Amino acid sequence: MTLETSKKILKIAGILTIIAGIATLAIGILSIAIGGVATTMPEAEVDEQVQTGIIAILAGGALGVIAGILSLVEGSFCVSASKTGKHATGAWILSIIGLVLCVVESVSTIKGGVANTSDIVSIIVGIIINVLVFIAAKNVKNATSI
């Protein structure tokens, strides 16, 4: 893979990751807000199942916010690395973290038996993007460190 191709991959993947990060962050914040509203329900005080559901919504929202922030940072590093190569190491490290998280998510989704077609496609796309970013960032990192 040439340096120019690596930079193009980083730019495209970075933009896609930023868009996904914004969406994930928005959904996480919305989930936290919905969980907060749900805590005011009268059933939340007495029904244990409702309490468990609210906790799950709040936890999912918190994880969404964290994932969204990580995606925004990774996307920003990818776009920066595509321009100057300055943050290629950061993009490379975050692609490793993203790849590990995709594999963990795929194992838990498939093991849980709740995987549908969109889950599998999402996991495959996530793995492909992280592998491409890993290779491209490594190429840019090696080219700029010379």
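In this predicted model, N142 counts as partly exposed, because its relative accessibility is 35%, a value that falls between the 20% limit for buried residues and the 50% limit for exposed ones. Helix α5 is the place where N142 is found.

With neighbours within four places in sequence left aside, the contacts of S80 are G85, K86 and H87. V133 is 53 residues apart from S80 along the chain, and 13 Å separates their C-alpha atoms.

The largest nonpolar core is made up of 11 residues: I9, L10, A13, C78, A81, A88, A91, V133, A136, A137 and V140. Helices α1, α3, α4 and α5 are the elements that each give two or more residues to this core, and α5 gives the most, with four. In soluble globular proteins, nonpolar side chains tend to be buried together. Not counting residues up to four places away in sequence, L10 touches C78, V79, A81, S82, V133, A136, A137 and V140.

Empty space is the next topic. Rolling a probe the size of a water molecule over the atoms shows where such space is left. In this protein, the largest pocket holds about 910 Å³ of space. Its lining consists of 24 residues, and those nearest the centre of the pocket are T24, A67, S71, C102 and E105. The elements that contribute two or more residues to this lining are α1 (3-38), α3 (48-83), α4 (88-112) and α5 (117-144). Sorted by class, the lining residues are 13 nonpolar, eight polar and three charged.

How confident is the predictor, and which elements have the lowest and highest mean pLDDT? The mean pLDDT of the protein is 89, and 99% of its residues reach 70 or more. Among the elements, helix α2 (residues 43-46) has the lowest mean, 82, while α1 has the highest, 93.

Technical notes: Residues numbered from 1 in each chain as written. Predicted model: local features only at pLDDT ≥ 70, side-chain atom pairs only at ≥ 80, totals over all residues. Heavy atoms only, no water. 1 Å grid on protein atoms, 1.4 Å probe; cavity = no way out; pocket = protein on both sides within 12 Å on 5 of 7 lines; lining within 4 Å. Points joined across faces, edges and corners; volume = space filled by probe spheres on them. Nonpolar A, V, L, I, M, F, W, Y, C, P; charged D, E, K, R; others polar. pLDDT = per-residue confidence, 0-100. Core = buried A, V, L, I, M, F, W, Y, C linked by side-chain atoms within 4.5 Å. Buried < 20%, exposed > 50% of the residue type's maximum accessible area, 1.4 Å probe, protein only. Contact = heavy atoms within 4.5 Å.
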